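The sequence and structure come first, followed by short sections.

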Amino acid sequence: MSGWSGLIVLVAFATLCWYTALLLGNLMGKYPRCTDYSELGLAIFGPGRCAQFISMCFIVELWLVMVQFVVLVGDNLHALLGNWLSSPECFTLFVAAILPTAWLNDFSHFANVSLIGLVVNVLVLAAVVGVFCVSLYSSPGSLWAPAPTKFYVCETFVASWGIFMNGLGGHGCFPSYYHSMDHPETTYPSMVNRAFALALAEYMLIACAGYAMYGVHTLPEIELNFPHHDVLGVAMPICVVAVGVAKFGLYTSIVCGPLEQLAVGLTGGQALASPQRCCLRTCLVGVCLLLALALPRFQTIVGIVGAIFCIAVSITLPLVMDLCDTQRPFGTKVLHGLLVFGSLVVGCVGSYGAVLEVGLLCQVTDSYNR
């Protein structure tokens, strides 16, 4: 979508997200009793409108990420089972199969399940680079015969910002990760450094290899680019489904934390029983399914969510919280203020570009389907 110039944007966003993740770790160290993003905002700003706004951004971002998983996995299930099931039926099948993971409440279980996502990422990387480097020698889809590319794509450059941020912004989960660690003071910074280094390396390798193989004709979802390859045409949808299985329950548990606290307040401070908690989470997952059926364009959701909510939760709000709570040198405060202003501009421009790009992306996908 952005051409080779998008790599510059990717590195810049990754650097900012890495830095703000470390800022969140410092804030969590000052408020160790906070277990999620909403509680951290409440501790810094107090029970006012700022804390409520932070909680809203945090909940809406992760909730829309859950909708993304439903759409993405449903599309790939339809690619595998399209001869037998319709697209809405595939969406419903995924939600019904994954619902029990949404009822889990122990993060240690999610840590084990998340290994699936790590393994899948390695397999996808090996497939894209290894298989095509070795087996294909003609364009399209070969690194030996690169496709035509561009350094800068004016029409879609701005719309790509939200998609970049969607892959880098997991900050809404970081306070929960910090709270679940045995020695977060040393473990958390190490985790952040390794996670962003590996993620950036993988994203850049996949981006460079994929764009070189398909060039200006690259389709918006990775699995759509492999229909001519018998093995990857089946393996890629399976890998994407596995990632959805690994991540969906984790996001559900984190999103439901503040909602369950709100329910406790409405019931007079009485903790929710297990059936009540499961019922609340089932309702949340059901709403995700309904929204996914109403907005079936995956790239539409990714671009808008990334530009608006991922930038806010992953860049803007950590910088604002650090400005309000931490004593910094004057130069650092000025830098943070400029970054806050810049992130607001990028979020507004990126969301506008994502909305404008909806029509073009729909045309690209429809032409592929025909």
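## Crossing of H1 and H2

H1 passes H2 in a left-handed crossing, a term used when the near helix is turned anticlockwise from the far one by less than a right angle, with right-handed for clockwise. The model is predicted: local features need pLDDT of at least 70, side-chain atom pairs count only at pLDDT 80 or more, and totals for chains, interfaces and linings use all residues. Residues are numbered from 1 along each chain as its sequence is written, and side-chain values use heavy atoms, leaving out hydrogens and water.

Two packed helices are described by the angle between their axes and the distance between the axes. Helix H1 covers residues 6–30 and helix H2 residues 37–45; they pack at about 65°, with axes 11 Å apart. Axes are lines fitted to C-alpha atoms, for helices over the stretch in contact, and angles run from 0 to 180 degrees between N-to-C directions. H1 and H2 are therefore roughly perpendicular to each other (65 to 115 degrees; under 35 is roughly parallel, over 145 roughly antiparallel, the rest oblique).

## Residues between the two helices

On H1 the contact is made by Leu-24, Leu-27 and Met-28, and on H2 by Tyr-37, Leu-40 and Ile-44. Contact means heavy atoms within 4.5 Å. By class, the contact of H1 with H2 has six nonpolar residues, no polar and no charged ones. Nonpolar covers Ala, Val, Leu, Ile, Met, Phe, Trp, Tyr, Cys and Pro; charged covers Asp, Glu, Lys and Arg; the others, Gly among them, are polar.

## The whole chain

The protein chain has 12 helices and zero strands. Helices (H or I, at least four residues) and strands (E, at least two) are DSSP runs, numbered from the N terminus.

Of the 370 residues, 47% count as buried, meaning under 20% relative accessible area; exposed is over 50% and partly exposed in between (1.4 Å probe, protein chains only). Among contacts in the protein chain with a separation of 6 or more, 80% join residues 24 or more positions apart.

Cys-288 lies in helix H10 and is buried, with a relative accessible area of 0%. Leaving aside neighbours within four places in sequence, Cys-288 is in contact with Trp-63, Met-66 and Val-67.

Leu-293 is also placed in helix H10, residues 274–294. At 36% relative accessibility, Leu-293 counts as partly exposed. Leu-293 touches Pro-88 and Phe-91, not counting residues up to four places away in sequence. The C-alpha atoms of Leu-293 and Pro-88 are separated by 6.5 Å, although the two are 205 residues apart along the chain.
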